[in-house]
Amino acid sequence: MKQILNHARIVLADHVIDNGALEIENGLIAAIHEQPLPTGENLAGALLLPGLVEIHTDNLEKHLMPRNGVLWPILPAVITHDAQCVAAGITTVLDALAVGDLEGESVRLDTLHSSFQAIDQGMREDALRADHLFHLRCELAYPQLMDELLPLIAHSAVKLVSVMDHTPGQRQYRDLEQYKKYYGKKKVGWSQDTFLAAVEERKAKQAEFAGRHKQAVVEMARARGIALASHDDTDEAHIAEALRDGVAISEFPTTLEAAAAAKRHGLATVMGAPNVVRGGSHSGNVAALELARHGLLDILSSDYVPASLLHGAWLLHAQAGWSLPRAVAAVSLNPARAVGLADRGDIAVGQRADLVAMTARGDAPLVRSVWKLGGRVF
């Protein structure tokens with residue numbers, strides 16, 4: 001069955017068609033027209049974008065525990081998370097599941113395997129509207145990392161593995177005061193002595209586990225052809241380490257120096273769209289817009305706010321001087337290619353008809369309609 005989306009501003013990889021039409025057949029883009037056709041669904045001048053591709057979101061966590069201490073049933077939580085992503089224009093989601101947590105007991109540890117199974121079940125039973133894949137975030141200093149990872153990494157939907165080290169005193173938390181400020185909110189009655197003891201305990205775990213865990217994780221990902229990402233790179237030494245490991249993606253570099261080194265060596269850089277929308281990092285690191293203005297940003301991730309992905313891309317266009325195709329590629333084509341997805345991410349003949357129609361009110365983009373494989377899902 002053929003569909004026609006008509007009278008749209010179509011954002012292609014290299015230019016924007018001001019008033020064109022798109023033909024869809026069997027879930028794929030069949031033809032692109034620079035002029036409107038006599039018939040078809042009238043999009044009334046809305047922008048038509050490729051469906052957004054999200055490679056690092058932990059948005060599910062807030063639905064698993066909507067209030068502190070309250071665990072929600074897992075499949076309904078996944079369905080709600082999925083609906084929120086689709087309403088934000090995201091048609092491909094790499095759910096970033098944390099394998100390990102330095103905080104000890106947490107919703108991440110308690111729900112890792114049940115969340116993985118619920119997402120898998122939702123996809124198999126066609127209960128989800130977006131296409132869901134997996135990003136396994138490996139906390140290297142977590143003692144039981146390998147026990148938790150081994151049952152998951154062989155799944156065919158695992159498309160990205162990242163190696164993380166949230167030990168205080170380096171990378172994202174090289175400033176211990178920032179670390180204390182962030183994590184102190186979660187700990188009732190933390191004294192200075194308690195804080196320093198926790199820091200030393202985590203440094204000891206890093207020394208014991210991080211090195212050998214990283215070697216094992218890297219080898220497992222390479223053997224399966226899974227894309228690898230580093231996390232919170234801070235300096236050139238971290239980028240050199242990532243290159244030795246065969247990493248292709250530098251997630252959330254914390255400094256201009258690290259992002260510049262990543263770019264020089266051909267790594268794709270990822271920054272958080274909330275960083276763009278808020279105008280800076282919540283943990284005091286480099287601003288995403290600064291990297292964008294220096295040409296050091298390739299991919300945006302919604303991280304913990306699905307609606308920030310389209311908003312962030314729109315601000316790259318409005319505030320960083322990026323062309324619309326370049327800004328849209330940061331949330332569609334670039335992330336898709338970075339994790340090996342060749343069938344989506346841009347509007348081109350033969351690609352999946354994953355699409356978003358949007359308008360805008362000033363700096364705020366409004367999602368009007370979303371299609372996955374040509375079927376309307378929002």
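Analyst: Phe134 is buried, with a relative accessible area of 1%. In this predicted model, Phe116 is likewise buried, at a relative accessible area of 6%. Both values fall under the 20% limit that defines a buried residue.

A pair of aromatic rings is described by two quantities, the distance of the centres and the angle of the planes. To count as a pair, the ring centres must lie within 6.5 Å, and the chain has 1 aromatic pair by this rule. The ring centres of Phe116 and Phe134 are 3.9 Å apart and the planes stand at 10°; the pair is therefore stacked, since planes under 30 degrees apart are classed in that way. Phe116 belongs to helix H3 (residues 107-124), whereas Phe134 belongs to strand S8 (residues 131-139), so the pair ties together parts that are 18 residues apart in sequence.

A ring also takes part in another kind of arrangement. Arg326 lies over the face of Trp322, at 3.9 Å from the ring centre. Helix H11 spans residues 308-319, and its buried residues include Leu309, Ala313, Trp314 and Leu316. Just after H11, Gly321 adopts a positive phi of about 80°.

The wider setting begins with the chain as a whole. It contains 13 helices and 16 strands, and buried residues account for 56% of its 378 residues. Of the contacts between residues at least 6 apart in sequence, 64% join residues at least 24 apart. The chain exposes about 15,400 Å², of which carbon and sulfur atoms supply 51%.

The largest nonpolar core has 55 residues, and those touching the most other members include Leu136, Leu145 and Val217. Leaving aside residues up to four places away in sequence, Leu145 touches Val99, Cys138, Glu139, Leu140, His213 and Val217. Another core, of 40 residues, lies apart from that one, with Val11, Met271, Ala292 and Val367 among its members.

The strands towards the end of the numbering can be followed in order. Strand S14 (residues 355-361) pairs with strand S15 (residues 364-372) in the antiparallel sense over 7 bridges, and Ala360 stands opposite Pro365 in S15. Their hairpin has 2 residues between the strands, and Gly362 has a positive phi near 65° there. S15 also pairs with strand S16 (residues 375-376) in the antiparallel sense, over 2 bridges, with Trp371 opposite Arg376 in S16. This hairpin likewise has 2 residues between its strands, and Leu373 in the turn takes a positive phi of about 50°.

How values were computed:
Residues are numbered from 1 along each chain as its sequence is written. This is a predicted model: local features need pLDDT of at least 70, side-chain atom pairs count only at pLDDT 80 or more; totals for chains, interfaces and linings use all residues. Side-chain values use heavy atoms; hydrogens and water are left out. A nonpolar core is a set of buried Ala, Val, Leu, Ile, Met, Phe, Trp, Tyr and Cys residues joined through side-chain atoms within 4.5 Å. Buried means under 20% relative accessible area, exposed over 50%, partly exposed in between (1.4 Å probe, protein chains only). Contact means heavy atoms within 4.5 Å. Two strands pair if DSSP finds at least two bridges between them. Helices (H or I, at least four residues) and strands (E, at least two) are DSSP runs, numbered from the N terminus. Accessible areas come from the Shrake-Rupley method with a 1.4 Å probe; for residues, only the protein chains shown count as cover. Rings of Phe, Tyr and Trp (its six-membered ring) pair if their centres lie within 6.5 Å; planes under 30 degrees apart count as stacked, over 60 as edge-to-face and the rest as tilted. A charge sits over a ring if NZ of Lys or CZ of Arg is within 6 Å of the ring centre and within 35 degrees of the ring normal.
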